[in-house]
Amino acid sequence: MAAENLLIKTLACRRQARIFFVNNADLLNTICRRPAVRSRRVRHAFALTVSAASLLSGTLKDHQRLSLKVKASRPGCAWYADVDALGNVRGHLGEGWLNAAPEDLDRLSVPQLIGDRGFIQMVKDVGMNRNVTGITDMPRRNIVDDLTHYFNQSEQTPTHFAIHIDYDDDGGVRTGVGVLAQLLPGAPEGLMDRIREAARRLPHISLSNAEGGAFRKLPFLLFDDIDVLDEVRVQAYCGCSKAMMLPMLHALGTGELAAACERNEPVEILCRICGQSYRFMPEEIRRLLSRDAPSPGSVPPSP
Ligand SMILES: [Zn+2]
């Protein structure tokens, strides 16, 4: 049974901390299990990044957006996820991961994939054309603890992330849950230790229970003092369209497009964010080419 992708927002520990809980197994299967992502290890790190983005959607309001980039040491290798306040989540991979041999990548652990020059970058679009960018190193090289480090460093908000993902035999995500806790001003210092201790139990709670409606019990299984403020659906949503693929179609060049028309073959363009394929038929391409062709007698632009 497909569980609902859900974010639960709470206040906990005498309302001295805000804690978000997410169940996003379904969403991870949609975003991270694309055929192009052949390495299971790379896919797992991708799922951690996307889960963090799902949790972070809880921190946004109105029209705010947040982009998360986890950059590994090797060139072209990064995981990207972005999210808005409505719980729309999307993600994609750097070309470097897609081009590398999956069997080579699967021999490495996540910390080895990240290497010693990894970094986390977050760009928060706070509206009115204003962006807030933060960047930190990755001392723990496991993404989840590095995100905790990110917030403690660059936002100076005592924060803790916990994410638990496990897989069935076919590599599908069976469990994908996470916790994001932040202390509110005035909270006692030792409180984060207690929260960290409680969140450590996340992988040990039988999460067959946490699916569907039973997921709503998870906050109460981890913490004994919880006020649920809100529940928000999170979903894989890109927002791409065929019209948005036109620049990529044009980038193939007039020669290649004309050749496809000659062969009477459609041209397929993939959205690099969500992997959705858009098909342009020869007659559509001919129309586009004739629209772009200079009209007779026009002067070509000087170089
Ligand atoms: Zn897309």
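**Close-up views of aromatic rings**

Phenylalanine 223 has a relative accessible area of 6% and is therefore buried (buried means under 20% relative accessible area, exposed over 50%, partly exposed in between, with a 1.4 Å probe and protein chains only). The model is predicted, so local features need pLDDT of at least 70 and side-chain atom pairs count only at pLDDT 80 or more, whereas totals for chains, interfaces and linings use all residues. Residues are numbered from 1 along each chain as its sequence is written, and side-chain values use heavy atoms, with hydrogens and water left out.

**View 1. Aromatic pairs in the model.** Rings of Phe, Tyr and Trp (its six-membered ring) pair if their centres lie within 6.5 Å; planes under 30 degrees apart count as stacked, over 60 as edge-to-face and the rest as tilted. By this rule there are four aromatic pairs. In one of them, the ring centres of phenylalanine 21 and phenylalanine 223 are 6.1 Å apart and the planes stand at 70 degrees, so this pair is edge-to-face. Phenylalanine 21, at 0% relative accessibility, is buried.

**View 2. The pair of phenylalanine 151 and phenylalanine 161.** This aromatic pair is tilted, with 5.8 Å from centre to centre and 45 degrees between the planes. Both phenylalanine 151 and phenylalanine 161 are buried. Ring pairs also join Tyr150, Phe151 and Phe161 into a cluster.

**View 3. A lysine over a ring.** Lysine 242 lies over the face of phenylalanine 280, 4.9 Å from the ring centre. A charge sits over a ring if NZ of Lys or CZ of Arg is within 6 Å of the ring centre and within 35 degrees of the ring normal.
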